[in-house]
Amino acid sequence: MAEDSDQERTEPASARRLEKAREEGDVPRSRELATCTILLAAGCGFWIFGEGLVRKLTSTLVSGLAFDRAQAFDFDVLLHRISANFVDVLIALAPFGLMLMLVAVLSPLLIGGWLFSAKALQPDFGRISPIKGLGNMISSRALVELGKAIGKAALVGTVAWLVMMHQKEAVLGLAVEPLKAGSAHLASLLMGSFIAIVCALVLVACIDAPYQMWHYANKLKMSRHELMEEAKESDGNPQIKAKIRAQQREMARRRMMSEVPTADVVVTNPTHYAVALKYADGKMRAPKVVAKGADEVAAKIRALASENNVPLLEAPPLARALYQHAELGDEIPEGLYTAVAEVLAYVFQLRAYRQHGGVRPQAPADFDVPPQLDPHNPAANPTKATNPANATRAPQSNNGAIQ
């Protein structure tokens with residue numbers, strides 16, 4: 001049952017799937033909306049440009065039907081006259097045509113938006129497959145389109161019939177009207193009929209556009225399995241990601257190890273933790289942690305520090321507190337300023353002793369580490385105070401020893 005539910009397409013399409021469908025030229029479209037928009041634009045065009053267009057076409061028609069003897073017997077003159085009349089007709093129709101062209105270009109913005117896809121222009125021989133064509137003819141979408149066509153024809157036909165019945169007497173009365181008045185009356189009747197039919201198409205478009213959006217979203221729905229596969233492709237294979245993270249950790253550790261030779265001191269636990277500190281007077285507000293590690297990493301930090309003559313100082317509570325509360329590259333916590341100041345003072349004295357001789361400085365014995373910063377102190381972790389396993393653990397010495 002769980003496997004069947006994973007295969008059911010119940011989840012909305014992801015952004016990646018929508019983008020892929022758009023690249024393939026698959027976007028929601030409503031032909032009824034486009035047709036209705038262009039017809040409305042044509043009606044508005046006739047309303048705006050109709051009078052001037054009729055006047056210009058009438059004059060062109062009269063001019064074209066009137067010709068003299070020279071035009072009748074001289075083909076070049078006749079051709080020139082026809083060309084001039086043709087140009088006049090184009091100029092008269094230009095505003096109306098440009099208006100329709102502009103609406104046709106902008107109408108896709110209403111649903112689906114502009115789209116140019118080279119993949120949609122590539123030949124697909126599957127489209128001419130008889131079996132696939134037969135399947136499309138008996139599909140649910142074909143039945144919906146058939147019902148929509150029948151409903152549209154019935155609606156438009158009903159509206160046209162009602163308009164004709166309403167204007168029947170006016171149409172019959174055109175025969176007794178003067179030519180000029182009858183022509184104007186006929187144009188008015190045609191415009192009223194056109195508007196009524198277009199309004200019926202507006203109703204069809206208002207139904208078809210939401211349906212096309214719903215059908216498109218339903219067609220691109222995904223199953224849970226497809227979503228998981230897409231997430232794997234997007235985010236990468238978990239094993240590969242684990243290897244990448246391991247490589248990143250290794251590179252970070254190498255960068256950290258390269259900072260150890262430049263450190264001023266390495267504070268140790270002495271075996272479990274090692275934290276390398278660096279301080280530049282006048283450049284840093286407080287000492288920074290340039291390297292830290294536990295167990296094997298701590299051993300490598302100690303070995304690298306010994307190779308580069310970086311002082312090693314055993315200070316278990318301070319090492320534990322620095323490891324727990326100071327991130328790599330960050331300044332030490334304010335609560336450890338005093339303890340680290342003692343360590344750095346001793347390190348600077350030891351550095352002067354090594355350069356100039358004299359009396360060897362004594363390593364500090366006690367460090368002012370707040371109890372709440374020491375992970376092994378019950379004040380920092382109250383659960384350890386009640387843990388019987390911690391009661392038998394031998395306390396570690398706080399005495400510092402330089403190596």
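1. The charged end of Lys-292 sits over the ring of Tyr-323, 5.1 Å from the ring centre; the criterion here is that NZ of Lys or CZ of Arg lies within 6 Å of the ring centre and within 35 degrees of the ring normal. Tyr-323 is partly exposed, with a relative accessible area of 26%, where buried means under 20%, exposed over 50% and partly exposed in between, computed with a 1.4 Å probe and protein chains only.

2. On provenance, this is a predicted model, in which local features need pLDDT of at least 70 and side-chain atom pairs count only at pLDDT 80 or more, while totals for chains, interfaces and linings use all residues. Residues are numbered from 1 along each chain as its sequence is written, and side-chain values use heavy atoms, with hydrogens and water left out.

3. The count of aromatic pairs comes to three, given that rings of Phe, Tyr and Trp (its six-membered ring) pair if their centres lie within 6.5 Å, with planes under 30 degrees apart taken as stacked, over 60 as edge-to-face and the rest as tilted. One of them is the tilted pair of Tyr-211 and Trp-214, at 6.1 Å centre to centre and 35° between the planes. Both residues lie in helix 10, three residues apart, about one turn of the helix; helices (H or I, at least four residues) and strands (E, at least two) are DSSP runs, numbered from the N terminus. Trp-214 is exposed, with a relative accessible area of 51%.

4. The rings of Tyr-273 and Tyr-323 also form a tilted pair, because their centres are 4.7 Å apart and their planes are at 40°. Tyr-273 lies in strand 2 (residues 273–278) and Tyr-323 in helix 14 (residues 316–325), so the pair ties together parts that are 50 residues apart in sequence.

5. Helix 3 (residues 31–65) deserves a separate remark: it has 35 residues, yet its end C-alpha atoms are only 41 Å apart, short of the 51 Å that a straight helix would reach at 1.5 Å a residue, the expected span being 1.5 Å times one less than the number of residues. A kink of about 65° in helix 3 is centred on Phe-49, the bend being the angle between axes fitted to the seven residues ending at a residue and the seven starting there.

6. The buried residues of helix 3, among them Cys-36, Gly-43, Gly-45, Gly-50 and Leu-53, pack against helix 5 (75–106), helix 8 (140–166) and helix 10 (179–219).

7. For the chain overall, there are 17 helices and four strands, and of the 403 residues 27% count as buried.

Key:
Contact = heavy atoms within 4.5 Å.
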